[in-house]
Amino acid sequence: MKFLSATLLCILGCAAAYGAFVYYVNPRGEFAPAIFPRVLMPDREAKLRLYQDFARRGPATGLVLGSSRSMKLPPPDLNRLFGARFFNFGVTGATVEDFAALYAWARQRGAAPRYVIVGVDVDSLHSDDQYGSTLAVPELRVALEGKAGLTTVERAAFALGQAQDVYKLGYLLDSFHAIGLKFQPVPPRWSFDPDGYVRYRLSEHERATNTFDYPKAMGDCAVRYQKRYHEMTGLSTRRRSHLENLVARARHDGAKVILWLTPIHPQTLPDVARGTKYPELLEQTRSFLETLHDRYGASVFDLHDPARYGAAGGYWYDCVHFDEPAAERILAVLAEAR
Amino acid sequence: MVFNSDVFLLAFLPIVFALFWIARTRQQRYVLLTLSGYVFYGYWNWKFCFLMLFSSLVSYFAALGISRTETARGKRAWVVASVSVDLTLLGFFKYYNFLAASLAALSSKIAPPLLDIVLPIGISFYTFHTISYIVDVAAGRVKAARNLFEYLTYVSLFSQLVAGPIVRYRQIEEDLEHIDGPPREDWIARGIGFFVMGMIRKVMLADQIAAQINPLIDGMAQLSTGAAWVAALGYTCQLYFDFSGYSDMAIGLGYLFGLRIPQNFNSPYKAAGIRDFWRRWHISLSTWLRDYLYIALGGSRGSALRTHINLLITMLLGGLWHGANWTFVIWGGYHGVLLILDRVLEPWWKAVPRPLYQLATFLAVVCGWVFFRAPSVGVAGEWFRRMAGAGNGATPAGPLAVLWVWFGLLAVIFLPESWDIRFGTQRRWAPVYAAGLFIAYLFMKQTKTVFLYYQF
């Protein structure tokens, strides 16, 4: 067994050397060293910290919940339209349990929302029931499950999960990317204002320098979402239940709930929907939101087709992330719910 | 459970490996390997462990019955009874709904109702194991195993349980008999080498190519001619690296436990002629079909016409074995016709320069994979239309997809079969294996996939 022992020892050596390397480079800002720029901001944690700062100046009375497709709704405009103090809690890749967890977490910290605006993507009710991102943030998991805190075993499991995430090809590539950024700086992909509003700094920089590859951004995005919808067989029962509970809770808390179906750029919609059940899923989502309207009096807006409200003509960031002019059009529609 | 998962690599394998070498006696090791096979299988769905156990016990006792029966007629009765049970189980779980749906398409009056049947993973493989065992015992090629756990180890060996290779009992009987021997340093090194090569083929080639071509195949109706070819060539590479990768890992695991599992691939895309292709592709299946079906049908002992009919039947059933779908039947029939043409045109092929013959063989195989991969005959037809330049699809393949397919084709040409690699057994090679495994692990964690042959 000498050969096996030597091989195992070398594997441990590889794992240790790799671990030390990514710890030192720290591409996602999870460890202490800050020698290299961050490649990817863990936005759930970032939003939680931002909200804590935001709440020091007074509680939020308006919450925007949703995925990154809701991040572009500007709180200052919402404040003006609704007369409330909004914080944008949109987080990347969010599914319905994220909305529920973030709402619960904000309520635990004194938020007293009069308005809750929820951007519902069809895939936020995805049948895969993968709760990875939300449950990877201990505070959100605690909030989602209504617990007082985590047990030691759960904390250990979280730590193990985080360690495992490091041992992925994507993490290694991010490390190389971070090293590259150190020597050839470009703006980060995005940053958040203190009220949670997103600024796509890399795309803006590329636009300003005329290097933004619009067709590629649209094409890559269409492929990504086509895959996501291809894997979606229906609306998750668990996730429907999370959304319904969120609406019921917010209504119980005295908030007006506004649900809106997020758009896909019409230019890429045929590609996104190709070989998927997207039209059927869209119809199911719309019908489910109507049910929530009937049961809880939530306002519902079907904004899936931006051409209908004049938001398709702009210069989107990709097939689902709309720009400022489109955000203005969306706000104009949502304002009808006041 | 799949080989490319944390639960297998970090828990199951180390525990079973350690216990195996701690155990000293044959019986302890048989019991351990049997239990580990059932745990491995039950991790997917424990209820189907009983089905596998039932199938194993039927063939085990049938083989004992055969060995105690003097007359040929009596032996035949045992074989028929045992094989019938196996085929009934396989037929019900794998083909009942296919038959019902096919009959319903003809007439709803004659069609039985569709049932909510879950296809037990690996049933096609372990059924072929048990059938070959029974037939071999009846033919006197092997003696019936007396030790129940020795036989259960053979059927439920986790390394080849759910996706092959289809190992005959006689091929590992000797190793099973000497399973209580001490570890052999050279086998351990070979085992690690095969396993690492298999992982690399699976996660660094097959899965990466799959990520590029699956969206193309899903959107077949929109594809340009070039993209349809990229999809076909990409799938050709993906399937080979996926399945040969799995086979390498199975062989490597076998070595780690002192069992030599036979070769399953031998550079199939370098074959000259379809007969040569089937001598190199999924060798354990093609030889199984040859020995237990083609020869049983009469093989090439009769007239040329009879030989061709036997070939066609064998390949049609071989196609159907892969899955309950008309696409697999057509794929099998297509290869049957190609085999016949290969025989009939043999003198002409001999005059063709070998590289040209190899290229023609490769292209014929690529076209066959279209049926194999397409979810329906309609999609296969659409795919062929796109490849032929018909239709008005204009979506090109992305540059990354093209790049990966080129990379895959180059790997097909230049990457040696693991059997051709002389794995270093000195300790100075350990860092190479470790680095290969570690890098493959990073890829594995990035994309969670199962092996393509798990569905069969």
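Reader: How many bridges join strand S1 (residues 62–65) of chain A to S2(A)?

Author: This is a predicted model, in which local features need pLDDT of at least 70, side-chain atom pairs count only at pLDDT 80 or more, and totals for chains, interfaces and linings use all residues. Residues are numbered from 1 along each chain as its sequence is written, while chains are lettered from A and ligands numbered from 1 in the order in which they are written. Strands (E, at least two residues) and helices (H or I, at least four) are DSSP runs numbered from the N terminus, and two strands pair if DSSP finds at least two bridges between them. S1(A) and S2(A) run parallel, and the number of bridges joining them is 3.

Reader: Which are the edge strands of the open sheet in chain A?

Author: The open sheet has 5 strands with parallel pairing, in the order S2-S1-S3-S6-S7. An edge strand here pairs on one side only, and this holds for strand S2 (86–88) and strand S7 (299–302) of chain A.

Reader: Is H1(A) parallel, perpendicular or oblique to H8(A)?

Author: Axes are lines fitted to C-alpha atoms, for helices over the stretch in contact, and angles run from 0 to 180 degrees between N-to-C directions. Helix H1 (residues 2–25) and helix H8 (residues 169–183) of chain A pack at about 45°, with their axes 10 Å apart. Angles under 35 degrees count as roughly parallel, over 145 as roughly antiparallel, 65 to 115 as roughly perpendicular and the rest as oblique. H1(A) and H8(A) are therefore oblique.

Reader: Which helix gives the most residues to the side of chain A that touches chain B?

Author: Residues are in contact if their C-beta atoms, placed from the backbone, lie within 7 Å, and this contact takes 21 residues from chain A and 23 from chain B. H1, H8 and helix H10 (214–230) of chain A each supply at least two residues of the chain A side. The helix that gives the most, with 9 residues, is H1(A).

Reader: At roughly what angle do the axes of H9 and H15 of chain B cross?

Author: The contact joins Ala232(B), Leu233(B), Tyr235(B), Thr236(B) and Leu239(B) in H9(B) to Val366(B), Trp369(B), Val370(B) and Arg373(B) in H15(B). The axes of helix H9 (residues 225–256) and helix H15 (residues 354–373) of chain B come within 9 Å and cross at roughly 80°.

How values were computed
Contact = placed C-beta atoms within 7 Å.
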